[in-house]
Structures are given as structure tokens and as C-alpha cells.
Amino acid sequence: MMNSMDIELVIGLEVHVQLATRTKLFCGCPTEFGAPPNTQVCPVCLGHPGTLPVLNSRAVELAIQTGVALNCQIAELTKWDRKNYFYPDLPKGYQISQFDKPICGPGWLEFPDREDPQGTLKVRFVRAHLEEDAGKSMHDEQGGRADSRIDLNRAGTPLLEIVTEPDLRSPQAAKAFLTELRLLLTYLGVSDCNMQEGSLRVDANVNLHIIDGGRRLATPIVEVKNLNSFRAVERALAYERERQWESWRETGQLLGDVPKQTRGWDENQGVTLPQREKEESSDYRYFPDPDLVPLQIDPQQVQRVRQAVAMRPLELRRKLQHEYGIKPYDADVIVAQGRSLVEYFETAVAAGGPPKRVSSWIQQDVLRTLNETGQTLEEFAVTAERLAVLLQAVEAGELENSRARDVFQYWLQHPMDDLAAAKGALGIQDVDETDLVELCRDLLHEHPQIVQQAQAGDMKGLGALIGAAKKRNPNVDPRKVRAICQQLIESGF
Amino acid sequence: MQLESLSAIELGRRIAAGELTSVAVTEYFLERSKALNPKINALVSFEDRALELASQADARLAELGPRSALDGVPIAIKDILCMAGTRTTCGSRMLSDYIAPYTATAVERLLAAGLIPLGKTNMDEFAMGGSTETSIYGPTRNPWDPARTAGGSSGGSAACLAAGMAPLAIGTDTGGSVRQPSAYCGVVGLKPTYGRISRFGLIAFASSFDQIGPMAHHVEDVAALLQILAGPDPRDSTCLPDPADDYRGGLTGALQGLRVGLVREQVDHPDVAPEVRQAVLRAAAELQRQGAVVTDAHLSLSKYAVPTYYVVATSEASGNLSRYDGVHYGFRDLPTDSEQSPLVALMCRTRSRGFGAEVKRRIMLGTFALSAGYYDAYYKKALKVRRLIRDQYLQALEQVDVLLGPVAPTPAFPLQQNQDDPVRMYLQDQFTVGANLAGIPSMAVPAGSTADGLPLAVQIQGPPLSESRLLNVAYQLEQARFFVPRIAQA
């Protein structure tokens, strides 16, 4: 087994994000997922002779939004290049992509360090460029016959390929980065990031740096493909760390000794396996696509986008922590649920809800109910304003927590009732102070053992008294019961 | 009546006036074409719907009046433009059974203007060639001398006109493919500014050069055709946003004071046949007589035009022709006895057998020029030279209004003469590729005949979007009977 002090795992990622445009990158065909094969195609995306691409400007807008959110430099002039290779699911024999003038230049993203709740990590980006997707090849080898079918519905769908620097150092960090990236892209609404439908695809480039007596040795870089979930990314990278260590100890091969290898993750076996390359050589003979004109990007447009994407998950977490005093962990939970929950939180606080109480109620009651009912926040009966009213009452001591929960539940059934109506329906009444003291005195008389313990300094038994008090009158405030009982014990009833 | 001796505009006028019907005119040209085609081989297919469209045009004309000056007039279209439901072969085995599923913008505009497609014209395979000899349908013969080429790649279109098989034709010009056959066949051919006519539906050879061009006997017919074809198209990003000029309306100006630059590097080039040179000088003299100021002009980079063109154009072609892989449409050949994987075997065999020698030569040239390690020395350098050539053209065209020179070094050459010598064939393009490299409009204008009766021509070139100016110069030459439209007695 390797000594983790001696090696460093070096990871760079290539993330393909399908942009949420209604139509394809260079024609008007719909991009919707799941249609019968070859029904969302036209002469242009089928690569028929004489057809020409026309740029979908919405894809450019979404790419700019993403680039700005990823702190990338946005090119003022970007252009289109042909990447030439033969493959049956590539109808034109080339892919329209961007070679030397990508729409997004260098950038970076800060994301929470899962190992350290207070800390963050940072990944730099090399670039992000727009390109069209290829179609899908399906190989049916059932029944002993090799039958290949091609679905070109996906051909021409806009992708943004985001390339990171090799800044990640652990499988966990890679997963945390991807989680943050997906959250950010979902916040922006630039992609639905559905990995099952191929809207988010990840390839990893990974090798080891072995520190051997002051020397730093790099093992050959391996590209890992077929990573169909973040869990798969994490597992595959952990597997590669072991495999490359073993391989290095066996062969001593270092970076440059062998050509770059591509391996595919096998989810069932939990291993990576060497993949057959599409082409023997990878000379893509990139050249500018003469069918498209270079694109000028207005810096003012970029500036407008910059203002629009100012509130990213990172900023929102900080806002929740610093403006509302929410703990980092809690802020993370709320932000990770998406933009609408953050808005729910902020609306509740703006309506007078005490921030910490709102945060804890959101994480427990609100999220649980949403999960159970499958509702969205928009259709949720307990609006942010109602939650604020409820928690204000709790904060003011007018309503005890468990009774507030009853109101919450009641509102789910009776969304038109206000707080007073709910209290009336639930029989929640203010408890008379004198009655409460009498109730406590009765209880103390009935439980001499608890009194004895309390007098000896052991207050554990008071909980049972509170329970008993609530049984006799559900409206009593447990804190008050405790305080009165303590007082009575001290004064000898 | 010999309808082939009438201009297309005149045919359109008579159809609109009810003196002729579109059906009668279309029938006439169909019959004439069918009679002459076995000898000339200018048309590779006849349009089945021609008479149906003509009768629709007649009914519509009677009710609603003409849609354009050419409503009801038949036209021959190069077999490189897609028309839904029609076979579009590009002269290649690769597309010999290809039925286009959509219609080119240019064809749409012709149909919308009421023109009647007569058939598809023969061409060099994928427009790669200068003699129509690379077509799978065999060479088109020059109506003026069937032993000679009609030129290429739009040889079928030019020959159709020369033989009186159609009053109008559409060609395409990537390196001279409208102008050179027009010159060889004695007709008027215009290559507009790059982007003047939409390329949507034009099967690509070299995308940054390809341009559709109108061809006819009469300058006014060319102008009327351009009027229909030109203008912006949202389906072609490289199509210019400028609206079309009133090209026919522009055929009025006198040439008084017009600055004409005689391109010395071309006129004095040793490859230029004496009769071609004399034709250019005669045209200069005629323009001078009409009040133009003729001076010498210089395009010192002319000699780099052919190598630059053949690097950039073949590079683009190598990508454009990658789609013909036997997978999705077109010719397919899957060998069963191959040692390669079925996929590699399918693509290799399809492309080896689907393309002819010249196409394969150009694909290989372009692939080489774009390959790692050669890109900078060939493709990238050629792009730089292209920019220099364009700048030189534009500078020269600041000094003068139009440039005058030869179209091709010689009149139509005998068939097979250049077939085994690609470089000699490529040199036929040396005076025409410049306009494609620079993206400027250029025109072939008839200029009499050689002693042997072969057509002669001159080339007039102008700055971007100067089509009206070029057409007017040509029109004044026609009006002065510097050339007289003639039909070959094939």
C-alpha cells in the first residue's frame, strides 16, 4: 500500500455541458431529450450537401453567462473551426468547434472544501469553448449479430466544453468541484445538467506525482471516460490512484515514456479498462470554418451579464453567513437546494422571520414536507411570509415550538387560514400565569422524588414534569414550566 | 420561329404580352435540347416538371401578370444546385442517385420569379476541373467545335447557351468556372462579389470561393437574372446583407471618363495566345473610343494566384467532401472481403470508388496542406498570400474603375489535351482565380472569334459590389456591337 505522504494525485477535468437552448447550435431543430430516433433532424444537421450552418445566438448568450460566472475572460472576437475526423455519428465528417479563439478564456471557480467546512478550494480554467455535439451510435450485439444504429437527434446540440487546469488533488475534491459547478450552472439556468440524459459529461485527466527523495516524478497521464455520475468520477479517480501507483512500481514508466492512454470506467466491475481509440492518429486538421463568420462580442453585453450573475452559490453562502449569521454548514444546505429555496429564505427573513429560526425550520419542516409531498416551493401552502409570521410568534414567546409545528401542519391543509384562525381551530390559548403556577405546584406534590433530586442539584427529572404538564394542558410553554418549577423548588413550594 | 435567337428578356416580354406561352417556349427548348444533347452532352437530366410548371406559369400570368421580367422563361441549372425531389449529382458517382430533400435559395428565387427549370447541366465532378472532362457523364462538347472543350466546370451551362438549348443558365464559379466556359462558348457570364448570391443549397467545393453566377447571351438577361438571385439570405451567414441593386436599371450610363486598367501582367503573359491578347486590346480600344480612359494596371502578385488558390481551395474541399462516407446518403460500397473493420472498409471503399481521380487528388492535396507539421507552411501561408492578393486588387481598383484582361490564356482547347497534366489544366485558371481569392465581381464578355471561328472573350473586374458597373461596361460593348450574341450551328 502506498504512503499517501509520498504521492500526489493530479486531476484535470473536461466537462461538456449541454446548453439549455430550445434549438440546435446551427439549425432550428429542437434539442428536447427522448424523442424517437432521427425525428429531430433536418438537412443541415444531417450534413446534406449544400447545407450551411447558421449560429444560434442564444447558445452564445448562455456561453457568455457561464464564462462570466466562471470568472473567465470573454473573448471580444471568437471564431469557428472545423475539427475533422471520420465517424458514422458525425454526419459532416467534421465537428464545428472552436480551436484557437474560444469564447471563454482563462478563469477560476472557488468551491467548498468538504474536508474543512470553513475552507474553500479553487480550480482554474484553461478555457471554455462552444461546439456542436455528434449523434449517438448504438451497437446492438444481441443474438450474435453486430448491428449498429445511429440516432442523429443529438447531432448539432450546443455544448460548452469547460477545461480545467490540473488543480484538483483528490477524488473528493473533484466531486466537490463538480457539485459546485453543477449547482452554479443550475442557478444560472444555462443547463439542466442531467447526467443521465447526457447534459453533463465529464472526462478526467489524471496522473500521480511521486515525491521520491526530493525528486518529483510524474506518471503517464491517463484520460478516463465513461464517467456517468459524480460518484463514478470519485470512484474512478480513487481507482486510478491505486492502479497508477501499482503500475509505476511494476514498470517505472513516467510521463513521456508512453503515449497518452484512454481508459473507460466500468461501473459494475469498479475498474478502468483501456479503450479503443476512434482514430489511430489524432490530427484533427483544425481550420477556420469558411461557412461561418467570426463573432464580435460586445463588451457592454458582457458587462450586463456580469451584473446579472453577481449572486452565485458562493456569494449566496457568504451572504447567508455574514448578513444573517447562518452557520456555514446550514448556509450550504440551503444554497445547495437551489435558487428558489434561497429566495424563500430571504423573503421569510425580509418579512420579519428571525434568520436562524427560519434557517432551521427550512432545513427541517419545509424540506421534509416538500420531499414528502413532492411539491415545489411555488405551490407550497406555507409561504415565506406565513413562515415569518409563525416564527415571529415563536420568537416572541407567544407560541411554543411544538404548537407552532401544529400550526404549520394545519396550514398545509388549510392554506387560507391566518394564524389566529389556526390557533382557534387547534385550541391554542394563552395560559393564565396563576393557573400555570398552580399546575406546577400540583405536579411537584405528586413527584417528591424529582423534587429531592432537584434539591440535590440533579435537574434531569424536570423533563418528566414538563411532559406531564403538557399532557394536562397542551398550551403550556415548556420553558415557563421549567422556570416556575425551579423557582417553586427553591422557595420550598 | 427560332426562339433561340431571341433574348430571354424578349421571350419574357412576349410571354407576358400573350404573344407566346411559357408552355410553347419551354416545349421548344426542351425539344431543341433533346435533339442536340446527344451531340453536345450539356444536360445530364431534364426536368420532369418543366411543362407542368410552364402551364402553371401561363395560367398565373394570365390571371395575375408577370412576377418578373423572366416569368415563364426556361433556364438550365448546373447540377450542383439542390432542388427538392430532383436528382442532384455534381457530376459524381458519389451522388449519382442523390435526390435532394430541400431546395437551394437561388433555385427558390428562380421558381418564385416564375422561371422554368429545363434540366440540370453537366459539370466537372464537384466543380473540380476546367473542361467538364471529370464528369461521370463524360465531357460536354463545345458547340463551336465538338472536338474541343466547352470549358469547366460550368461547361454544360455555357454549352447549353451556345447551342441555343436554353436562353438562360446558372453556373457556379470557384476559380473561374462561370467565366472560363462562358469565354470558350462565346456567352456572357458573371461571377458576382463573394456573398452576393446565397450559397445555401449550392453543393460546396471551396466555401470561401464558391459563388453562383448568371449566364446568358445578352448582358441585359444576365442583369435581370442577377436581380432575381442577389440579396441577403438568413440561411447563409456569409451572404452579404446589402439588398440587390437595380441591375437592369443600371445599364444606362455612358462610359465617358470611366477609368479602365489594362492588367499588364495578364495581357503580356507569355501563355496568352496572340488572338486572345488582340481581343483584349480591341476591347480597350473600343472602351477608349466610347470615352473611357485606359491606363496600365499592375497585379504583381498575379503569379502567386494559382498556387495560393490550389492550397486554400483544396483545404476547404478536403473538409467539405468528408461528408461523403457512405453512411448517411449517396453512393455506398461495403466490401465483404476486407481485412479492415467493416466501418473503415465501408468508408474507404465508398470514397475510393465514389470519387474520380481529380477529386481524390484535390482531397489529398488539401488534407496534406492542413496536416500537422505542414499547416503553417501551406495553409496558413496561403491565407496570408490570399490577403495580400486581395489587398493588391483593392488597391489597383482604387486607381481605376475596372480592370481589363483575358479570361483564359487561350480559346477552347481540344478535349483530352490537358487531361494528363493537372498543372497545365490548373494554369487555365491563372487569370480567373484572382477574383475568387479577392472576393470581387468579375465578368466574361464575348470579344469576337478566332480565325478558326472559336469564341474569344475579355474579363472585366471591379471592386466589391460593383456588379452594376461591370454589367454596364459589358452592355455598352454589346450596344456598340463589339460583340454580337450568336448561336452555334451545332
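1. A word on terms first: helices (H or I, at least four residues) and strands (E, at least two) are DSSP runs, numbered from the N terminus. On that count, chain B comes to 16 helices and 13 strands.

2. Keep in mind that this is a predicted model, where local features need pLDDT of at least 70, side-chain atom pairs count only at pLDDT 80 or more, and totals for chains, interfaces and linings use all residues. Residues are numbered from 1 along each chain as its sequence is written, while chains are lettered from A and ligands numbered from 1 in the order in which they are written.

3. On confidence: pLDDT is the predictor's confidence in each residue, from 0 to 100. Chain B averages 97, with 100% of the residues scoring at least 70. For the complex, the predictor gives an ipTM of 0.96 and a pTM of 0.91.

4. Overall shape of chain B: its radius of gyration (taken over C-alpha atoms) is 21 Å, close to the 23 Å from the globule rule for 490 residues, so chain B is as compact as a globular protein of that length. The rule itself is 2.2 Å times the number of residues to the power 0.38. The C-alpha trace spans about 70 × 55 × 45 Å along the principal axes of chain B.

5. Now the cores, which are sets of buried Ala, Val, Leu, Ile, Met, Phe, Trp, Tyr and Cys residues joined through C-beta atoms within 7 Å. The largest nonpolar core has 161 residues, and Ile75(B), Leu404(B), Val445(B) and Ala474(B) have the most contacts inside it. Apart from that core lies another, of 71 residues, including Ile64(A) and Val224(A).

6. The interface: 33 residues of chain B are in contact (C-beta atoms, placed from the backbone, within 7 Å) with 24 residues of chain A. Helix 10 of chain B gives the most to the chain B side, with three residues.

7. Chain A has an open sheet of three strands in the order 4-3-15, with antiparallel pairing; two strands pair if DSSP finds at least two bridges between them. Strand 4 (94-97) and strand 15 (287-288) of chain A are at the edges with a single partner strand each, so one side of each has no neighbour in the sheet. Two bridges join strand 3 (residues 81-84) to strand 15 of chain A, and Asp81(A) has Pro288(A) as its bridge partner there.

Note on methods:
Buried ≥ 20, exposed ≤ 12 C-beta atoms within 10 Å, placed from the backbone. Contact = placed C-beta atoms within 7 Å.
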